[in-house]
Amino acid sequence: MLIEELVEKTREALAKELDLPKNTIFFDFGKFADFSTMITIKYAKKLGKPPKDMAESVATKLKVAGLDIRAENGFLNCYLTEAALQENLGKFSNFNQRGKVIVEYSSPNIAKPFSVGHLRSTIIGESLKRIFEELGWKVTGMNFIGDWGTQFGKLITAYKLWGEGLEPTVKNLLSLYVKFHKEVENNPELEAMGREWFKKLEGGDKEALKIWETFRKNSFSEFEKIYKRLGISKLEDGSESLFVKGALELVDELRKKGIAIEDDGALVIPTSKDIPLLLRKSDGTTIYAARDMMSAIWRTKQFKPDLLLYVVGNDQKLHFELLFEGLKKYGLTGEMEHIGFGMIRLPEGKMSTRRGRVIFLEDVLNEAVSRVAKTMKDRDAYSESDAEKIGIGAVKFTDLRTTRTRDVVFTWDMLKTEGETGPYVQYAAVRAKRVLEKFGKVSAPGKKWQTAELKLARKIVAIRLAILEAGRQRRPDLVARWLLDSAKAFNDFYEKNRIEGYPTRQWLTEQFYTAMERGMYLLGLEIPNQM
RNA sequence: GGGCCAGUAGCCUAGCCUGGAAGGGCGGCAGCCUUCUAAGCUGUAAGUCGCGGGUUCAAAUCCCGCCUGGCCCGCCA
């Protein structure tokens, strides 16, 4: 029986034995046993009996095939038997969940370089996409590229004023944007010019559109490079600009239906919060909320999803609350969820594109890879492709292993390769891979596993629970946690036990390796050839 | 001013949903490469779980207040 089924069986058995509702029984996983509960303590209290005796008597009565259930310190600790462990090893698929989900992630802006700020959405989103796929969902990755809005009116203004003859590369456009915001302090009319150009753009002005197209084209080739390097899946193009026309029509429809109302010349949808959802400015142009709404409506029609996920920073939490309210008023019934994540900021404060205070992702990746390359060269074992895998792995893993919602202060410690890092995980996998290459595979383990072997097997088997929980809570860091635990267990095992010549150990090494491969894939980590 | 989130050893972090047994990493100190890769492993020191109250047999976890930091609070995205 699969581990999660054993958990469920135990829950049912306990509910029956203690006469408690199933949904009041919870387990801790991997802390002191494969899973454990202290429900007996609570129950003992109800009966006014000592918890220790209670646990003892429940433990002896409770019989679940495949489990060794023991009373320890008043807790009920459940251990998979050797047979159950063996059955579960090598099984990290077939979760058979059903459903369709659209995950919106990455969503960079055009005419701006990818900063480390975009990294989180991209990496977390990609990982969630893979986790949901693993669980059996049909997943569409959607890229809501920021390519519309007043800022492009400003950028066109800057381009017209100072950009003549300038190659419209992303870096050059960034300097124009920074210059605009500097100049605007002395020359406030620039703001008005910017709004004017945006109005022209939204009105379909040929010149404005032509300039904007150039921005877009250059940015897209930049994105492609970075996605390739990060191993990001092909994403459905959900650029904001695709929804401009629809948004204008939608806003009209909402007004006619009375869902949206005029307020100070602008059009808004009232909400339960103290601010409304603003859709259209008093100058008649739309703001991003209108395009967000239209986009959600389009997604729903096009893909008929059960769930819409938005992997966007915590700073937009309120926006999504308002947006979802607006969408519900419009009549959208599907589930919508904002998957917020903590902001990356610099030790000196928030990153700001306008002030040019950003760290480019490309620079971070290059630095990571070159540090790894140096280490490899010092050891006389340099490989360009492995350096890339390890360097990028270090950056991704650092990001993914911390709780999603925590803010991150950027330091170059992201690039560490020792301790709880991506390279640590990769290293354990590489060690296992080498052993398998050298000594081959065995068809079956031996009988009567030793303590060390059981210990390793328990860690490996927990991958199913990690993936299930990661999906339920939308938390890739739980998979990262498993990778770390499992790698730690293997490194420990490897140092203390000779693997060659012991069928059980060789077999476990293979189980470890395939599970690691799977878990690493879910986070987008690659296994180097050697390190 | 209002709202949301966070505060766990010198530093970083897990545990908080579902109360009961404070885990890990970095750095420090002391060790381990003639046997499958030392980006590894072992041992050790280091904690008023921000502060104060409450609920409870039991609070890092739940409730209230406060302090500190971050973020958000219609014509930006």
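This is a predicted model: local features need pLDDT of at least 70, side-chain atom pairs count only at pLDDT 80 or more; totals for chains, interfaces and linings use all residues.
The expected span of a helix is 1.5 Å times one less than its number of residues. H1 runs over residues 3-18, which makes 16 residues. The rule gives a span of 22 Å, and the end C-alpha atoms of H1 are 22 Å apart, so expectation and model agree.

Which residues of H1 are buried? They are Ile 3, Leu 6, Val 7, Thr 10, Arg 11 and Leu 14. These residues sit on the same side of H1, because the arc they cover around the axis is only 140 degrees. The spacing fits a simple bit of helix geometry. An α-helix has 3.6 residues a turn, so residues three or four places apart point the same way. Just after H1 comes Asp 19, with a positive phi of about 55 degrees.

Now for the whole chain. Chain A has 531 residues, and 44% of them are buried. Its secondary structure comes to 19 helices and 15 strands. Taken along the principal axes, the box filled by the C-alpha atoms is roughly 80 × 65 × 40 Å. What share of the contacts between residues at least 6 apart in sequence joins residues at least 24 apart? For chain A, that share is 73%.

The chain is divided into three pieces: domain 1 (3-80), domain 2 (111-147 + 158-172 + 208-346) and domain 3 (361-523). Between domain 1 and domain 3, the C-alpha centres lie 32 Å apart. Where these two domains touch, domain 1 supplies six residues and domain 3 also supplies six residues. On the domain 1 side of that contact, three residues are nonpolar, one is polar and two are charged.

Val 479 is part of helix H18, which covers residues 477-496. Is Val 479 buried or exposed? A residue counts as buried if 20 or more other C-beta atoms lie within 10 Å of its own. Val 479 has 27 C-beta neighbours inside 10 Å, so Val 479 is buried. Leaving aside residues up to four places away in sequence, Val 479 touches Ala 466, Ile 467 and Ala 470, as well as Gly 519, Leu 522 and Leu 523, and also Ile 131. As for Ile 463, which is 16 residues away from Val 479 along the chain, the C-alpha atoms of the two are separated by 7.6 Å.

Definitions and conventions
Residues are numbered from 1 along each chain as its sequence is written. Chains are lettered from A and ligands numbered from 1 in the order in which they are written. Helices (H or I, at least four residues) and strands (E, at least two) are DSSP runs, numbered from the N terminus. A residue is buried if 20 or more other C-beta atoms lie within 10 Å of its own, exposed if 12 or fewer, and partly exposed in between; C-beta atoms are placed from the backbone. Two residues are in contact if their C-beta atoms, placed from the backbone, lie within 7 Å. Domain bounds come from an automatic or database domain assignment. Ala, Val, Leu, Ile, Met, Phe, Trp, Tyr, Cys and Pro count as nonpolar, Asp, Glu, Lys and Arg as charged, and the others, Gly among them, as polar. The arc is that of the directions from the helix axis to the C-beta atoms.
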